[in-house]
Amino acid sequence: MPQKSKAESVASGADAFGPLGGLFMAVPRMQATAASMILKQQKEIFEFLSHRCERDLEFIERLGKVDDASKVPGLWSKFVQGASQDYADEARKCVDVGSRSAAEMVEQIKDIQTDTPKMAA
């Protein structure tokens with residue numbers, strides 16, 4: 001079997017770092033995972049803020065149309081109740097995302113640890 005040149009090995013996807021290649025690539029993989037998680041969480045936050053702005057605008061419009069001051073406490077109560085529920089739901093989502101993210105990172109670290117002894121051999 002003819003040996004490949006170093007350039008051919010790299011071009012064909014062979015590991016240029018030999019047995020340590022997996023270890024070197026672990027950091028970029030973890031960084032990519034972290035960046036992906038952060039961007040997904042930011043997207044969720046922006047969607048939530050958009051939703052809350054819509055609800056806030058609806059409240060302001062209803063408040064501006066009130067013709068009887070006795071209706072204001074009821075409107076306010078309903079608004080605060082809805083906003084509180086929305087924020088509680090969003091906080092729960094953030095905790096869930098954080099937990100999943102931490103679990104994913106732990107799995108990647110475990111994979112690195114199991115690969116490290118193989119590289120040393």
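1. A search of the whole structure, which is a predicted model, finds four aromatic pairs; rings of Phe, Tyr and Trp (its six-membered ring) pair if their centres lie within 6.5 Å, and planes under 30 degrees apart count as stacked, over 60 as edge-to-face and the rest as tilted.

2. One of these pairs joins F48 and Y87 edge-to-face, with 5.0 Å from centre to centre and 80° between the planes. Because F48 belongs to helix α2 (residues 21–64) and Y87 to helix α3 (residues 72–120), the pair ties together parts that are 39 residues apart in sequence; helices here are DSSP runs (H or I, at least four residues), numbered from the N terminus. F48 is buried at a relative accessible area of 9%, whereas Y87 is partly exposed at 46%, where buried means under 20%, exposed over 50%, and partly exposed in between (1.4 Å probe, protein chains only).

3. The ring centres of F59 and F79 are 4.2 Å apart and their planes are at 20°, so this pair is stacked. It links distant parts of the chain, since F59 is in helix α2 and F79 in helix α3, 20 residues apart. Both F59 and F79 are buried, and together with W76 they form one aromatic cluster.

4. On helix α2, F46 is exposed, with a relative accessible area of 58%.

5. Residues are numbered from 1 along each chain as its sequence is written. Local features need pLDDT of at least 70 and side-chain atom pairs count only at pLDDT 80 or more, while totals for chains, interfaces and linings use all residues, and side-chain values use heavy atoms, leaving out hydrogens and water.

Methods: Helices (H or I, at least four residues) and strands (E, at least two) are DSSP runs, numbered from the N terminus.
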